[in-house]
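Student: Let's go through the salt bridges in this structure. Can we start with the terms?

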Amino acid sequence: MSIWKKPISVEALSTMALGTAIAHLGIEFLEVGDDFISARVPVDTRTCQPYGLLHGGVSVVLAETLGSCGAMYASPEGHKAVGLDINANHLRGVTSGWVTGTARPVHIGRTTQVWQIDLVDDAGKMVCASRITMAILS
């Protein structure tokens, strides 16, 4: 059974991202499932810190993008989702390729949602584990 309360698709998410930090960093939405959203970010000159690793802040941008979009589309029409708290455990450095994130809800309540976002490298190894808490406003 799908958790989505609003029409959602990769195309809708991609259109929403035009002209934002999401597009500037090269984040690409990949898939929408019944209970998840996935997207990826390139590891390149836009996204690396001075030592050649994917910037931890970019990992958080990817995580927040996925969790925020998930919360928004899992909320009833007329409601919006805003971030309350996000954390990220950076587990492994990445110097090239792509980092792919998948967001799944931990809790979908009337006024708050909690989403888990796992980021992996091209080999499928965990790069970052993040969790975001969202307020749902009417």
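Tutor: Partly exposed means a relative accessible area between the buried limit, under 20%, and the exposed limit, over 50%. Keep in mind that this is a predicted model.

Student: How many salt bridges does a search of the whole structure find?

Tutor: The test is a side-chain nitrogen of Lys or Arg within 4 Å of a carboxyl oxygen of Asp or Glu. Applied to the whole structure, the search gives a count of three.

Student: Is Arg40 buried, exposed or partly exposed?

Tutor: Buried needs under 20%, and exposed needs over 50%. Arg40 has 26% relative accessibility, so Arg40 is partly exposed.

Student: Which residue meets Arg40 in a salt bridge, N to O at 3.0 Å?

Tutor: The contact is between side chains, and the partner is Glu28. Arg40 sits in strand S2 (residues 37–42) and the partner in strand S1 (residues 28–32), so the pair links parts twelve residues apart in sequence. The name is Glu28.

Student: How many residues apart in sequence are the parts that Asp35 and Arg104 tie together?

Tutor: Asp35 and Arg104 form a salt bridge, with closest N and O atoms 4.0 Å apart. Asp35 is in the loop between S1 and S2, while Arg104 is in strand S4 (residues 98–108), so the parts joined are apart in sequence by 69 residues.

Student: What is the relative accessibility of Arg46?

Tutor: Arg46 pairs with Asp44 in a salt bridge, closest N and O atoms 2.6 Å apart. Asp44 is partly exposed at 23%. Arg46 also counts as partly exposed, at 39%.

Definitions and conventions
Residues are numbered from 1 along each chain as its sequence is written. This is a predicted model: local features need pLDDT of at least 70, side-chain atom pairs count only at pLDDT 80 or more; totals for chains, interfaces and linings use all residues. Side-chain values use heavy atoms; hydrogens and water are left out. Helices (H or I, at least four residues) and strands (E, at least two) are DSSP runs, numbered from the N terminus. Buried means under 20% relative accessible area, exposed over 50%, partly exposed in between (1.4 Å probe, protein chains only).
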